Amino acid sequence: MLQKNLPLFLRCSPHLLFANRRDVRLVDADGVRGESAIVVSDLEDAAAVDFLFDENLIFWTDVSEEAIKQIHWNQSSNSLKEALGTGQAVVVSGLTSPDGLACDWLGKKLYWTDSETNRIEVANLDGTSRKVLVWMDLDQPRAIALHPGQRYMYWTDWGEEPRIERAGMDGSSRKVLVNENIHWPNGLTIDLVEEKLYWADAKLSFIHRANLDGSAREPVVEGTLTHPFALTLSKETLYWTDWQTRSIHACNKHSGDKTREILSGIYSPMDIQVLEPYRQPYIITPCSNNNGGCSHLCLLSPVQPFYSCACPTGVQLKADGKTCKPGRISVQINNN
């Protein structure tokens with residue numbers, strides 16, 4: 001998206017979208033300290049948040065209402081306080097503890113983790129064609145991040161064997177990336193430009209980064225954090241929420257210096273994203289043309305032909321590998 005097409009208030013500095021349990025807010029990272037704007041209010045327990053910039057959509061999970069919801073935000077607004085969302089709607093219901101959420105801006109899908117059912121699921125933006133992608137060997141999945149350009153999804157698990165894993169966005173090619181010197185991996189974000197993975201550990205009080213395959217791990221911030229929860233980045237700066245300080249903090253993504261507090265006195269800071277189109281670059285994918293020929297879900301894959309057709313959970317795929325059979329079959333997934 002061209003700079004001139006951005007809302008006036010987004011052209012000058014990064015704006016941080018964050019969940020605050022009882023509302024979802026925006027704050028200017030370079031603005032007047034202490035000021036934030038409510039995008040959607042009167043919520044029960046907003047936890048995870050993401051957006052689809054091109055369609056003016058903001059999504060969040062509500063743990064108490066066991067749902068994923070959406071709202072349209074006013075992209076034509078000239079000021080932060082005019083960005084109030086409208087048209088709140090439930091997208092996915094019947095969840096248990098949806099702790100993590102990520103929007104596939106290329107395939108127009110929602111991915112989420114559920115730490116009670118121990119699943120990673122996917123659905124269309126309107127909640128249709130819901131499918132369980134990962135359910136084996138998950139304990140407490142939390143944060144989830146997508147790299148559609150490389151066709152991978154990444155997630156954290158802070159269960160008995162804490163780790164960071166990745167798999168294709170169709171659930172294939174699963175691999176453990178980090179399982180040493182890790183305890184409560186809460187936050188997770190991807191640097192799409194430099195191809196780096198960043199994560200925050202609330203128990204060990206650090207932010208580390210590594211290559212997208214888990215190699216070349218190195219510390220970014222250590223020794224000064226209290227309880228980091230979620231993190232995101234924009235250009236050269238990392239941003240994170242902290243449960244103990246009830247604040248949003250920032251630092252240089254390479255060195256960890258230039259630390260500063262963006263906003264304090266937050267009711268209950270949860271997930272955080274930088275609301276800008278540069279976090280959602282457009283590229284052509286195998287699913288871009290005619291949904292890859294799939295009747296239902298076209299999911300990106302790291303394995304040739306770099307996508308796979310899939311059906312909602314309980315529906316079988318025909319032998320053509322493209323079309324879902326009509327009707328549902330009985331499926332029981334063991335969560336143990």
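F229 is buried, with a relative accessible area of 8%. Buried here means under 20% relative accessible area, exposed means over 50%, and partly exposed covers what falls in between (1.4 Å probe, protein chains only). This is a predicted model: local features need pLDDT of at least 70, side-chain atom pairs count only at pLDDT 80 or more, and totals for chains, interfaces and linings use all residues. Residues are numbered from 1 along each chain as its sequence is written, and side-chain values use heavy atoms, with hydrogens and water left out.

The ring of F229 has a partner. Rings of Phe, Tyr and Trp (its six-membered ring) pair if their centres lie within 6.5 Å; planes under 30 degrees apart count as stacked, over 60 as edge-to-face and the rest as tilted. By this rule the count comes to four aromatic pairs. One of them joins F229 and W243: the ring centres lie 4.7 Å apart and the planes stand at 15 degrees, so the pair is stacked. F229 lies in strand β20 and W243 in the loop between β21 and β22 (247-252), so the pair ties together parts that are 14 residues apart in sequence. Strands (E, at least two residues) and helices (H or I, at least four) are DSSP runs, numbered from the N terminus. W243 counts as partly exposed, at 31% relative accessibility.

F51 and F53 form another aromatic pair. This one is edge-to-face, at 6.4 Å centre to centre and with 80 degrees between the planes. Both F51 and F53 are buried. Together with W73, F51 and F53 make up one aromatic cluster.

Charges also meet rings. A charge sits over a ring if NZ of Lys or CZ of Arg is within 6 Å of the ring centre and within 35 degrees of the ring normal. R22 lies over the face of Y267, at 3.8 Å from the ring centre. K203 places its charged end over the ring of W184, 5.4 Å from the centre.

Next come the strands. Two strands pair if DSSP finds at least two bridges between them. An open sheet is formed by four strands in the order β3-β2-β1-β24, with antiparallel pairing. Its edge strands are β3 (37-40) and β24 (272-274), and each pairs on one side only. From one strand to the next, the twist averages 25 degrees. Axes are lines fitted to C-alpha atoms, for helices over the stretch in contact, and angles run from 0 to 180 degrees between N-to-C directions. Within this sheet, three bridges link β1 (residues 15-19) to β24 in the antiparallel sense. F18 stands opposite I272 in β24.

Six of the six residues of β14 are buried, so the strand is largely enclosed by the rest of the structure. Strand β13 (residues 152-157) runs antiparallel to β14 and is joined to it by six bridges. D157 has R163 in β14 as its bridge partner. β13 and β14 form a hairpin, with five residues between them. β14 also pairs with β15 (residues 175-178), again in the antiparallel sense, over three bridges. Here R166 stands opposite K175 in β15. β14 and β15 form a hairpin too, with six residues between them. In that turn, G171 has a positive phi of about 90 degrees.

In the model, residues 108-150 are 0% helix and 53% strand, and their end C-alpha atoms lie 16 Å apart. Residues 151-194 are 0% helix and 52% strand, and their end C-alpha atoms lie 16 Å apart.

The loops hold some backbone features. S129 has a positive phi of about 55 degrees, although it is not a glycine. S129 lies in the loop between β10 (119-124) and β11 (131-134). Is S129 buried or exposed? S129 is buried, at a relative accessible area of 14%. K235 is not a glycine either, and has a positive phi of about 55 degrees. K235 is found in the loop between β20 (228-234) and β21 (237-242). K235 counts as exposed, at 57% relative accessibility. Finally, the peptide bond from Q304 to P305 is cis, with omega near 5 degrees. P305 lies in the loop between β25 (297-300) and β26 (307-310).
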